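Colleague: I am new to reading protein models, and I would like to go through a few features with you. Could we look at the structure together?

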Amino acid sequence: MMKQQWAAKLSTIVNTVNVKIDEPLDQYTMTKLGGSADVFVMPSTEEEAVAIVKYANNNDIPILLLGNGSNMVVRDGGVRGIVLNFSKLDAIRIDGTTVYAQAGALLKDVSIAAAEATLTGLEFSCGIPGSIGGAMAMNAGAYGGEIKDVILQSTILTPTGEMLVLNKEQLDLSYRKSIISKKGYYVLSSEFELQRGNQQEIDAKIAELTFLRESKQPLEYPSAGSVFKRPPGYFAGKLIQDSELQGKGVGGAEVSTKHAGFIVNKGGATATDYINTIKMVQATVKEKFDVDLELEVKIVGEEPSKN
């Protein structure tokens, strides 16, 4: 079968233990949902990542980049082709007021490293559960801050395997969008320019935002995070709350009673349950308020087999 051939070739690029066939993806997603990947591969170096992308491009093999799985719903039928995971590319370095982080580093770990170096500017991101790669692709933001406020440049990989260094303007960052998501680029690393700060103020800000997140978000259940983008002139969570949808859902998926902008896996949910709950919310809000809720999460993969 093709996936055995792909895996054999990938095992000449990366360590064999980092190549897996029919790997269940529910262990890599924050929803704890999703089918299996034909081939799952984890490069340990940026050079390996380049070689994987070039191999896939030259052989017309589809690639899905799966980061921390915090903003993604994988359908129950799984993912055909190669699923690329950068979690081993997680180096963080600080040079003066510049913070360097590879794509697989968690955003919260980068914000903590910056805070420990008495650098201010990334406090807003201390509770965002994504990786640097995912944060760059969607210009992650929270509590009044966004990646575009602090980004200096990113090293990216094109779908053909070409490496480019893009500055802030070239990254074209806007609300939950970037050139990365538009062009299907893969982030390898990013550099952020921060400011010297006051340690007590930095620590207090992180403590405050951590409290806000833990008190308002349903962290006790698996979820994809905030499901919908903010509609112009509205708040998605308020529309959903006013539609009386909290506590409602399909199967084991439910609109959180703690924060209406989240859909949680209460246990036993399938990805189909989760997606059908999303559709129910969109349809109800459209009917009640004539507002179209646009997805912030990305839905990927195949529908489950009918047989």
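This is a predicted model: local features need pLDDT of at least 70, side-chain atom pairs count only at pLDDT 80 or more; totals for chains, interfaces and linings use all residues.

Colleague: How is a pair of aromatic rings described?

Modeller: A pair of aromatic rings is described by the distance of the centres and the angle of the planes. Rings of Phe, Tyr and Trp (its six-membered ring) pair if their centres lie within 6.5 Å, and planes under 30 degrees apart count as stacked, over 60 as edge-to-face and the rest as tilted. By this rule the count here is 1 aromatic pair. Y28 and F40 form this stacked pair, with 4.3 Å from centre to centre and 25° between the planes. The pair links distant parts of the chain, 12 residues apart, since Y28 lies in the loop between strand 1 (19–24) and strand 2 (36–41), and F40 in strand 2; strands (E, at least two residues) and helices (H or I, at least four) are DSSP runs, numbered from the N terminus.

Colleague: Are Y28 and F40 buried or exposed?

Modeller: Both Y28 and F40 are buried, where buried means under 20% relative accessible area, exposed over 50%, and partly exposed in between (1.4 Å probe, protein chains only).

Colleague: Which ring does the charged end of R93 sit over?

Modeller: A charge sits over a ring if NZ of Lys or CZ of Arg is within 6 Å of the ring centre and within 35 degrees of the ring normal. The charged end of R93 sits over the ring of Y100, 4.0 Å from its centre, and that of R230 sits over the ring of Y175, 4.9 Å from its centre.

Colleague: What is the strand order in the open sheet of 3 strands?

Modeller: Two strands pair if DSSP finds at least two bridges between them. The order in this open sheet is 15-17-16, with antiparallel pairing, and strand 15 (223–226) and strand 16 (253–255) are the edge strands, each pairing on one side only.

Colleague: Where is N265 found?

Modeller: N265 is in strand 17 (residues 262–265), and N265 is buried, with a relative accessible area of 7%.

Notes:
Residues are numbered from 1 along each chain as its sequence is written. Side-chain values use heavy atoms; hydrogens and water are left out.
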